[in-house]
Amino acid sequence: MKHLEDVAPAHAVEPLARILELQATDPTASTTVRDPGEAVGRHVADSLTALALPVVASARRIADLGSGAGWPGLALAAALPDAHVWLIESAIRHCRYLERAVEVGELANVTVVHARVEEWSGEHDLVTARALAALPVLVEYAAPLLPIGGHFVGWKGAVSPEEAAAGAKAAAIVGLESTAVVPVVPYAGARDHTLHVFRKVAETPERFPRRAGMATKRPLA
Ligand SMILES: C[S@@+](CC[C@H](N)C(=O)[O-])C[C@H]1O[C@@H](n2cnc3c(N)ncnc32)[C@H](O)[C@@H]1O
């Protein structure tokens, strides 16, 4: 089993240890992985695999969409103190938990936003999401929040060829293009973990973001 010291930079170990303790004991934490030892791999290491990507390591304004219990957003905030991280979460109960996590982790660089992604209008150089939606929905959510040159990184399990093709088609509609699919192994036995990286290469048409719920109800592809 991995320890926090094995997967996180030294300055992030204490804040993340306190957050994992909270997650283990707070019944409103939105996860089934509560044991801190297990959560090191399943949440923290999984989140921090993305630090190997220069566009993540150098990001300064990060929006994490559908944060739930806070992964990957909280881990990135702890690891990247020069970045600011906005955790965008539609469920108020999860937002209240996230506020407590930010407090125990003493993370001064995090803002919890109670909103649907489609209603958030911040500008970010990096947008992240894990376990939120299929690729066509994710790229539609991310594109309006990015300037040209900004990046979206999606943490995905196995992606079918159909989902990958639909993701590429939707990405072209909203001004993104796929630049890499990076296999990662955050912990022993992890299977089919990939980081899907998209870059914004053209303006997103003005009709985006669509009304809340439309991206999932009527996906672009
Ligand atoms: C399965 S959880 C994933 C949480 C976390 N990213 C993780 O990987 O552990 C998805 C979260 O996204 C939130 N969510 C779903 N649709 C959303 C939307 N349109 N805007 C904001 N949050 C959303 C849900 O409330 C839930 O907390």
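Is V117 buried or exposed? In this predicted model, where local features need pLDDT of at least 70, side-chain atom pairs count only at pLDDT 80 or more, and totals for chains, interfaces and linings use all residues, V117 turns out to be buried, with 26 other C-beta atoms within 10 Å. Buried here means 20 or more such neighbours within 10 Å, exposed means 12 or fewer, and partly exposed is in between, with C-beta atoms placed from the backbone. Residues are numbered from 1 along each chain as its sequence is written.

V117 sits in the loop between β3 (110–114) and β4 (126–130); strands are DSSP E runs of at least two residues, helices H or I runs of at least four, both numbered from the N terminus. Leaving aside residues up to four places away in sequence, V117 touches L65, G66, I88 and Y141, a contact being C-beta atoms, placed from the backbone, within 7 Å.

R130 belongs to strand β4 and is buried too, with 23 C-beta neighbours inside 10 Å. Its contacts, again not counting residues up to four places away in sequence, are W71, P72 and W155. The UniProt "binding site" annotation, from an unreviewed entry, takes in G66, V117, E118 and R130; such annotations may be inferred rather than shown by experiment.

As for the ligand, 17 residues lie around it, and G66, G68, S90, R130 and A131 come nearest (near meaning a C-beta atom, placed from the backbone, within 6 Å).

Zooming out, the chain has nine helices and seven strands, and buried residues make up 46% of its 221 residues.

Key. Contact = placed C-beta atoms within 7 Å.
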